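Here is a friendly tour of one protein model, with a few stops along the way. Please have the sequence and the 3D view open as you read.

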Amino acid sequence: MPELPEVETTRRKIEPLLRGRVIASVEHDAPHKYRDTHLAVGRRVQGLSRRGKYLMLQLASADAAEDDLHDLEFIVHLGMTGGFRLDSGPHTRVTLTLEPDGAGDSQQLFFHDPRRFGKMAVVRPGEYAGMPTLAAMGPEPLSEDFIEGDFVRLAREAGAVKPWLLSQKPVSGVGNIYADESLWQAQIHPAQTRLTAAEGQRLYTAIREVMAQAVDAGGSSLGNGVGNYRQHDGLSGLFQHEHHVYGRAGQPCPRCGTDIVKTVLAQRGTHFCPKCQVFEERPRS
Ligand SMILES: [Zn+2]
């Protein structure tokens, strides 16, 4: 499943292909999943940003100057298995065609999505009422809006820490893999409630470090069948080689040598070291 680093890698790869180009057509046969995409036709892509696991194309009229404000956003959520490629295939769900550029080339980008959880919508900037996760999303982990004191204070009152992270409310973009990796690094049990200040500080630091490393490495790529995340040119991300607990059940903890355990927490496969990450009962006072 694409997480923040994979989505950021996708953004960096496709931005040069899209920036400044005019969208000629958006073809698909699922208007309930890819909403109002006709509004994008004939409009210029001013830029491509990311919030959590959402990609956002800023659109303006075709004759807008490069620094004009955008008046529409084309939002893409990659879902479990979505990604962009330069070639079409059996799992192509959306075909994005661009007007010819100065060199006379038109170009197409194909949205592949074997499991069809991906979504798109064209909306006015900031109007995310139809997308509650996006509307309630916490700060970006690598931005200065992610403030340690705020995070530590929220964590002191939180329920089980891993589902809390996955809610995207305390911080955006932390999915299953990076939640497990960050909690291992911070030595906190995934089901721990009501983190101490020291735990909250360790987790804050771990999230920033793990996400920064993963973005640098180009995201993870999991080798377990169809629908794997791949960068759009077919290159795999490299972060998988740096996982300490995720996907390593039964292998030794890199810190203490104890076998990594896999369990299920809030319906999500969860990996941790039972020696480094000890659960502590903390009833509400
Ligand atoms: Zn350990």
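## Cysteines

The structure holds zero disulfides, a disulfide being a pair of cysteine sulfur atoms within 2.5 Å. Two cysteines are worth a look. Cys273 is buried, with a relative accessible area of 0%, while Cys256 counts as partly exposed at 30%. Here buried means under 20% relative accessible area, exposed means over 50%, and partly exposed lies in between, with a 1.4 Å probe and protein chains only.

## About the model

This is a predicted model, in which local features need pLDDT of at least 70 and side-chain atom pairs count only at pLDDT 80 or more, whereas totals for chains, interfaces and linings use all residues. Residues are numbered from 1 along each chain as its sequence is written, and side-chain values use heavy atoms, with hydrogens and water left out.

## The cavity

How many cavities of 30 Å³ or more does the structure hold? There is one, and about 50 Å³ of space lies in the largest cavity. A cavity is a set of points on a 1 Å grid over the protein atoms alone where a 1.4 Å probe fits but cannot get out, and lining residues have an atom within 4 Å of a point. Points are joined across faces, edges and corners, and the volume is the space filled by probe spheres set on them.

The lining of the largest cavity is made up of Ile14, Leu18, Leu57, Phe74, Val76, Phe84, Val94, Leu96 and Met120. Helix H1 (4–18), strand S5 (72–77) and strand S7 (92–98) are the elements that give two or more residues to this lining. Helices (H or I, at least four residues) and strands (E, at least two) are DSSP runs, numbered from the N terminus.

## Helix H1

H1 is mostly covered, with twelve of its 15 residues buried; among them are Ile14 and Leu18, both of which also line the largest cavity. At 1.5 Å a residue, H1 should span 21 Å, and its end C-alpha atoms are 20 Å apart, which agrees. The expected span is 1.5 Å times one less than the number of residues.

H1 bends by about 25° at Arg12, and Pro16 follows within four residues. That bend is the angle between axes fitted to the seven residues ending at a residue and the seven starting there. Just after H1, Gly20 takes a positive phi of about 85°.

## A loop residue

Gln187 is found in the loop between helix H5 (176–186) and helix H6 (197–217). Gln187 is partly exposed, at 38% relative accessible area. Gln187 and Gly47 are 140 residues apart in sequence and 39 Å apart in space, C-alpha to C-alpha.

Key:
On a 1 Å grid over the protein atoms alone, a cavity is a set of points where a 1.4 Å probe fits but cannot get out, and a pocket is an open set with protein on both sides within 12 Å along at least five of seven lines; lining residues have an atom within 4 Å of a point.
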